[in-house]
Amino acid sequence: GTITVADITAPVIGATTDAPDPADPEAGDVVTISTTITDNLAIATGVANTFVTIVGIGNYALVNVAGNTWAYDWDTSGVAENTYTIQITAEDTNGNSDTDAAAGTITLSDATPPTIGATTTVPDPADPDAGDIILISVVVTDVSGIDNVTYRINGLTGWTLMYDDGTNGDVAGGDNNYTARYDVSSQPANT
């Protein structure tokens with residue numbers, strides 16, 4: 001007779017790394033996630049078999065780049081600044097699989113400064129009248145959002161918070177147009 005021995009051994013997932021260094025990637029970088037996977041027979045390929053899961057983003061097929069090394073190049077363009085958990089799943093050609101649910105994390109940071117548009121003032125602050133309230137407005141945007149915007153009039157004021165909430169002269173909240181009111185009468189004459 002014939003004796004058939006079934007393979008019941010799952011692949012072994014080794015250490016997972018990412019490059020550039022996990023402390024350095026910025027949103028928009030390409031991050032290479034790589035791991036080692038070994039099996040007593042052969043590793044099955046394709047996104048349904050051997051893949052990386054970037055939790056909250058999706059599953060992506062790992063590609064065998066050399067020997068037991070598998071990798072995926074994650075283009076983080078348009079991905080929010082955050083910390084993402086990485087999971088690795090490997091399956092052999094007989095359907096045995098293993099998942100490393102805590103293969104690592106990647107923290108994307110935002111190193112790009114906000115964009116500050118032209119500042120407008122109404123009325124013209126070059127020749128204010130006593131009692132004028134000058135409305136100062138500026139459009140500020142950033143891929144990660146804006147925490148706060150402040151202004152300072154050199155020699156006259158400290159840093160003052162501007163608003164994007166439909167108050168203090170701001171027309172509509174949430175439109176990235178930050179506005180503040182400056183009371184000219186609070187300053188000494190001829191300044």
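Tyrosine 60 counts as partly exposed, because its relative accessibility is 24%; in this analysis buried means under 20% relative accessible area, exposed over 50%, and partly exposed in between, with a 1.4 Å probe and protein chains only. The model is predicted, so that local features need pLDDT of at least 70 and side-chain atom pairs count only at pLDDT 80 or more, whereas totals for chains, interfaces and linings use all residues. Residues are numbered from 1 along each chain as its sequence is written, and side-chain values use heavy atoms, with hydrogens and water left out.

Two aromatic pairs are found in a search of the whole structure. Rings of Phe, Tyr and Trp (its six-membered ring) pair if their centres lie within 6.5 Å; planes under 30 degrees apart count as stacked, over 60 as edge-to-face and the rest as tilted. Tyrosine 60 and tyrosine 72 form a stacked pair, with 4.8 Å centre to centre and 15 degrees between the planes. Because tyrosine 60 lies in strand E4 (residues 58–61) and tyrosine 72 in strand E6, this pair ties together parts that are twelve residues apart in sequence. Strands (E, at least two residues) are DSSP runs, numbered from the N terminus. Tyrosine 72 has a relative accessible area of 18% and is therefore buried. The pair of tryptophan 74 and tyrosine 84 is edge-to-face, because the ring centres are 5.5 Å apart and the planes stand at 85 degrees. Tryptophan 74 belongs to strand E6 and tyrosine 84 to strand E7, so this pair ties together parts that are ten residues apart in sequence. Tryptophan 74 is buried at a relative accessible area of 2%, and tyrosine 84 is buried at 8%.

Tryptophan 74 also belongs to the largest nonpolar core, which has 19 residues; Ile33, Val52, Ile54, Trp74, Ile86 and Ile88 touch the most other members. A nonpolar core is a set of buried Ala, Val, Leu, Ile, Met, Phe, Trp, Tyr and Cys residues joined through side-chain atoms within 4.5 Å. At least two residues of this core come from each of E2, strand E3 (51–54), strand E6 (69–75), E7 and E8, and E7 gives the most, with four residues. Apart from this core lies another, of eleven residues, among them Ile134, Val138, Val140 and Val184. In soluble globular proteins, nonpolar side chains tend to be buried together.

Threonine 35 lies in strand E2 (residues 30–38) and counts as buried, at 2% relative accessibility. The side chain of threonine 35 makes a polar contact of 3.2 Å with the side chain of threonine 16. A polar contact is a pair of N or O atoms within 3.5 Å; within protein, one must be able to donate a hydrogen and the other to accept it, and residues adjacent in sequence count only if both atoms are side-chain atoms.

Strand E7 (residues 82–91) and strand E8 (residues 97–108) run antiparallel and are joined by nine bridges; two strands pair if DSSP finds at least two bridges between them. Glycine 104 in E8 is the bridge partner of isoleucine 86. Five residues lie between the strands of this hairpin, where glycine 95 takes a positive phi near 90 degrees.

An open sheet of three strands has the order E9-E10-E13, with antiparallel pairing. Strand E9 (115–122) and strand E13 (177–183) are the edge strands, each pairing on one side only. Seven bridges link strand E10 (residues 133–141) to E13, and valine 138 stands opposite tyrosine 178 in E13.
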